[in-house]
Amino acid sequence: MPFPRCSFVRARWWGGFAAALSAMLVSSSLGAQPVSTPTVQTPATPYPGTRRAAEIPRGREFGADVVGWLALGRVLWSSGYDQVAGSPTVWPQDAESYGRRFATRSAQLVTIEATRHAAAAVLGRDPSYVRCACDGIWRRLGHATAGVFTDFDVAGQRRAAWPRFVGATAGSLMLGQLQPGQGKPETVALRAVTTVSASWLGNVVKEFHLMPGSERASAARGAISPTVPADRAVLDTAVLIRSYNP
């Protein structure tokens, strides 16, 4: 019977034509939709007073951190404390033993700073203390406290101070090898935590210029960058972990 066959062929032809037309309409409709442009992330504003990679004389600053006034003060403080406390106990509290304590504490300092500066170079961190872009003693003390746990990278953003943590651990391990009875794990851990905590005193000295050489040891506390409104730049004082983001 030809008629049903012809009807069937025409039905299939019209069905295919309708499907093709629908596909064309859908494609045209989708093509007419506006394409959203990707958002561009603007870089965060560097914290005032931070330095870029080319501005950091790493070798010279490492030398100053192991032979400068601040370095001498650190060694005198730690070796003097050991002398008064009688640590290690096998060394008596006489002049010869103080010489040993001074020498071993000096070796600890060199290890701390060598490790810290090396880690700072690898991670792209500024090894110097950056003074607060703010006024007021409490704001500046808060900034010095934040500097115990954080530092700034070469983009001017605040980061966790891994170079300081690694340096303190390396120095504690070195001291444990040089002083009798100081190599126990709990003693090494305690000395590392003490070293990190004691860096607060160094930050305060650098922030307020309380010792000769402390101004050089910290990045210059210049005027607020003209790109950062002054009433917003001073807010970043006691922040511990987040980056400076005005």
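# Burial, helix packing and ring pairs

User: Which residues of helix 5 count as buried?

Analyst: In this predicted model, helix 5 (residues 137-149) has R140, L141, G142, H143, A144, A146, G147 and V148 as its buried residues.

User: What do the buried residues of helix 5 pack against?

Analyst: Their partners are strand 1 (129-130), strand 2 (150-152), strand 3 (158-160), helix 6 and helix 7 (185-208).

User: Why are helix 4 and helix 6 called roughly antiparallel?

Analyst: Two packed helices are described by the angle between their axes and the distance between the axes. For helix 4 (residues 95-123) and helix 6 (residues 162-178), the angle is about 150° and the axes are 7 Å apart. The term applies to angles over 145 degrees, and the pair is therefore roughly antiparallel. The crossing of helix 4 past helix 6 is right-handed.

User: Which residues of helix 4 and helix 6 meet?

Analyst: On the helix 4 side they are T104, R105, A107, Q108, T111, I112, T115, R116, A119, A120 and L123. On the helix 6 side they are W162, P163, R164, V166, G167, A168, A170, G171, S172, M174, L175 and L178. By class, this contact has 13 nonpolar, seven polar and three charged residues.

User: Why does I56 count as buried?

Analyst: The limit for buried is under 20% relative accessible area. I56 has 8% relative accessibility, so I56 counts as buried. The residue sits in the loop between helix 1 (2-31) and helix 2 (58-67).

User: What does I56 touch, leaving out residues up to four places away in sequence?

Analyst: I56 touches R51, E61, R125, D126, P127 and V154. Of these, V154 is 98 residues away from I56 in sequence, with a C-alpha to C-alpha distance of 9.0 Å.

User: What makes V205 count as buried?

Analyst: V205, in helix 7, has a relative accessibility of 17% and therefore counts as buried, the limit being under 20%.

User: What share of the chain counts as buried?

Analyst: The share is 37% of the 246 residues. As for contacts, among those with a separation of 6 or more, 69% join residues 24 or more positions apart.

User: How many aromatic pairs does the structure hold?

Analyst: The structure holds three. One of them is the pair of Y98 and F102, with 6.3 Å between the ring centres and 45° between the planes.

User: What makes the pair of Y98 and F102 tilted?

Analyst: Planes under 30 degrees apart would be stacked and planes over 60 edge-to-face, so the value that falls between these limits is tilted; for Y98 and F102 that value is 45°. Both residues are in helix 4, four residues apart, about one turn of the helix. Y98, at 26% relative accessibility, counts as partly exposed, and F102, at 28%, counts as partly exposed too.

User: Why is the pair of W162 and F165 called edge-to-face?

Analyst: The planes of W162 and F165 are at 90°, with the ring centres 5.6 Å apart, so the pair is edge-to-face; the cut-off for that term is over 60 degrees. Both residues lie in helix 6, three residues apart, about one turn of the helix.

Notes. Residues are numbered from 1 along each chain as its sequence is written. This is a predicted model: local features need pLDDT of at least 70, side-chain atom pairs count only at pLDDT 80 or more; totals for chains, interfaces and linings use all residues. Side-chain values use heavy atoms; hydrogens and water are left out. Axes are lines fitted to C-alpha atoms, for helices over the stretch in contact, and angles run from 0 to 180 degrees between N-to-C directions. Helices (H or I, at least four residues) and strands (E, at least two) are DSSP runs, numbered from the N terminus. Angles under 35 degrees count as roughly parallel, over 145 as roughly antiparallel, 65 to 115 as roughly perpendicular and the rest as oblique. A crossing is left-handed if the near helix is turned anticlockwise from the far one by less than a right angle, and right-handed if clockwise. Contact means heavy atoms within 4.5 Å. Ala, Val, Leu, Ile, Met, Phe, Trp, Tyr, Cys and Pro count as nonpolar, Asp, Glu, Lys and Arg as charged, and the others, Gly among them, as polar. Buried means under 20% relative accessible area, exposed over 50%, partly exposed in between (1.4 Å probe, protein chains only). Rings of Phe, Tyr and Trp (its six-membered ring) pair if their centres lie within 6.5 Å; planes under 30 degrees apart count as stacked, over 60 as edge-to-face and the rest as tilted.
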